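Hello,

Here is the structure I promised to pass on. Please have a look at it first, and then read my notes below.

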Amino acid sequence: MRQARFLHIFLVVSLAWLGAFFANAEDPYRYFNWEVTYGTISPLGVSQQGILINGQFPGPPIEAITNDNIVLNVVNKLDEPFLLTWKGVQQRKNSWQDGVLGTQCPIPPGTNWTYKFQLKDQIGTFMYFPSIGLQRADGGFGALNIAQRSVIPIPYPTPFGEFTLLVGDWYKSDHKALQQTLDKGNLLPLPDGIIINGRPNGFTFTGQRGQTYKFRVSNVGIATSINFRIQGHNITLVEVEGCHTLQEVYESLDVHVGQSVTVLVTLQWSPKDYFVVCSSRFTKPILNATALLHYDGSNTPASLPLPIGPTYQIHWSMKQARTLRTNLTANAARPNPQGSYHYGTIQVNRTLILANAPTKINGTLRYTVNNVSYVDPDTPLKLADYFNIPGVFTLNSIKDTPPSGPDALGTSVVGTTLHDFVEIIFQNTEKAIQSWHLDGYSFYTVGYGSGQWTPDMRKRYNMADAVSRDTVQVYPLSWSAILVSLDNKGMWNLRSAIWSKQYLGQQLYIRVWNNEKSPYTEYDAPQNVLLCGKAKSS
């Protein structure tokens, strides 16, 4: 009896200790309160209306650590609905927080809504931006940087410091004027310029001679690929959208719309200022923005000419893209090496060949994927799915391969099963570069090629160490191939990152599903879920 009593007391004490341990060991929380307002800005020297967050343009950075919980209250003081999406954050089991019109109702003017999500098992350089209409062309974007936990080593010496560059094209017209241009069936003109951290020139990064710095570079623009370089300095690529890469050294690096890279730069030359240059790719004329890399203590200004970068050389860019490889022995956010997942040995369950094209529907300019130009329904797809609301969308309403026949407006949803392993071919039929992003995931960019994709192209795939990322470029009249393990249940947006094309229909959703209703596979709707459309009366 005494032994049984002792065992009972031991178990009670042990469970209490374990409970206290796990309570104390819960991942940290970071709290934010953001007021979204209009304000006057002048990135290119012309006063215009911009979207500010807490009065800032660009918006405030989120600096976090793997597995941090983010609680972020958004107060919408605009005169229109608003959402923020967290580009690259995988929102594990939680597409409710993804911040796009297919997963949540917009935040009405004069109200607030609180995002709650975890940066689960992720490291890297990411961004956030407004997802409705063309609001992101007015600002509202910012950096989202996730550092590794102290117990996880990084595959390079700890940098002395780090800098963030938010680079993108910019228009002097506000987002409402740009939307009106598109709504009238017209193309957007060439952007008016390129900006770095909200300015076309003059931004300064100060470092000490002999030290190595981490530069986090994100293309936050809506249309234009950029080339990044630093006068007189090589750049060493170490990470692409959460994936540690082989540490190749470059003179310059292409960063396409929606993409992020992390590079190391060593300040090893004579103390002076050096130009940091971001120039447009595949445009005529070439647009440039400059910043300064300042060696601390120097009084010598930067000198011309600017370092020369590539302009329209498509093959050059494609060759560079193929040099981006995963560092198989490095850890990312978790202790296991990145190379422990042998994607090249997994059987593909399904192949999607997605062809993008311009078209006219009812006499108006639209963009399609496999002949369907996407239209957002009044009821978010996720709500319709959760509440079993009929008449909002139909599964597999878009074909797996480009069909013959007329183009049409529609709400495209691809139905898949949790843990499917899918091959997606992006076939670009247009003479302009494309950029495709998938929410909720990173995927393996296994191939690039010119012309029409055929099954024989699989022989060219990198099935060993392709880089894992969330946004892939597709060159003009070319194709790109990705492999993705659909291990994150939810409703996920697959879209063109060329925002005018996304706005005019070049997007769809992938529903990743199984019949198990469990928090181990997907979280329930949050308590503060917004209801709109048919969900209001469900």
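Predicted model: local features only at pLDDT ≥ 70, side-chain atom pairs only at ≥ 80, totals over all residues.

**Helix H2 and its surroundings**

The buried residues of helix H2 pack against strand S1 (29–41) and helix H5 (499–503). H2 itself covers residues 175–183, and the buried positions in it are His-175, Leu-178, Gln-179 and Leu-182. Looking down the axis of H2, you will find these buried residues within an arc of 100°, so they line one face of the helix. After H2 comes Gly-185, with a positive phi near 90°.

The average pLDDT of the chain is 94, and 95% of the residues score at least 70. Residues 1–24 are the stretch to treat with care: pLDDT stays under 50 there, and the model gives these residues zero contacts beyond four places in sequence.

**Aromatic rings**

The count comes to 28 aromatic pairs. Take Tyr-29 and Tyr-31: their ring centres are 6.1 Å apart and their planes at 20°, so this pair is stacked. Tyr-29 is partly exposed at a relative accessible area of 39%, while Tyr-31 is exposed at 62%. Trp-113 and Tyr-115 make another pair, with centres 4.9 Å apart and planes at 90°, so they are edge-to-face. Both of these residues, Trp-113 and Tyr-115, are buried. They also belong to one aromatic cluster, together with Phe-32, Trp-34, Trp-86, Phe-117 and Tyr-128.

Two lysines are placed over tyrosine rings. Lys-272 lies over the face of Tyr-274, at 5.3 Å from the ring centre. The charged end of Lys-284 sits over the ring of Tyr-312, 5.9 Å from its centre.

**Cis peptide bonds and positive phi values**

Lys-284 turns up again here, as a cis peptide bond joins it to Pro-285, with omega about 0°. Pro-285 is in the loop between strand S19 (273–280) and strand S20 (288–295). The peptide bond from Leu-304 to Pro-305 is cis as well, with omega near 5°, and Pro-305 lies in the loop between S20 and H3.

Asn-197 has a positive phi of about 50° although it is not a glycine, and its place is in the loop between strand S10 (193–196) and strand S11 (203–207). For Asn-371, phi is positive too, near 75°; this residue lies in the loop between strand S22 (364–369) and strand S23 (372–374). Both fall under the 20% cut-off for buried: the relative accessibility is 12% for Asn-197 and 14% for Asn-371. As background, most residues other than glycine have a negative phi, and most peptide bonds are trans.

**Some single residues to look at**

What does the side chain of Arg-495 make a polar contact with? The partner is the side chain of Asp-439, at 3.0 Å. Arg-495 is in strand S33 (residues 490–496) and counts as buried, at 2% relative accessibility. Beyond its sequence neighbours up to four places away, Arg-495 touches residues including Thr-85, Phe-129, Trp-436 and Gln-502.

Thr-66 is in the loop between strand S3 (62–65) and strand S4 (69–76), and is buried at a relative accessible area of 3%. Leaving aside neighbours within four places in sequence, its contacts include Leu-119, Asp-121, Ile-146, Arg-149 and Ala-333.

Gln-320, in helix H3 (residues 314–322), is buried with a relative accessible area of 8%. Not counting residues up to four places away in sequence, Gln-320 touches Tyr-250, Ser-252, Leu-253 and Asp-254.

Pro-109, by contrast, counts as partly exposed at 37% relative accessibility. Its loop runs between strand S5 (84–87) and strand S6 (112–118). The C-alpha atoms of Pro-109 and Pro-81 are separated by 5.5 Å, although the two residues are 28 apart along the chain.

Enjoy exploring it!

Best wishes

Key:
Residues numbered from 1 in each chain as written. Heavy atoms only, no water. Buried < 20%, exposed > 50% of the residue type's maximum accessible area, 1.4 Å probe, protein only. Helix = DSSP H or I, 4+ residues; strand = E, 2+ residues; numbered from the N terminus. Arc of directions from axis to C-beta. Contact = heavy atoms within 4.5 Å. pLDDT = per-residue confidence, 0-100. Phe/Tyr/Trp six-rings, centres within 6.5 Å; stacked < 30°, edge-to-face > 60°. Lys NZ or Arg CZ within 6 Å of the ring centre and 35° of its normal. Polar contact = N/O pair within 3.5 Å; in protein donor to acceptor, adjacent residues only side chain to side chain.
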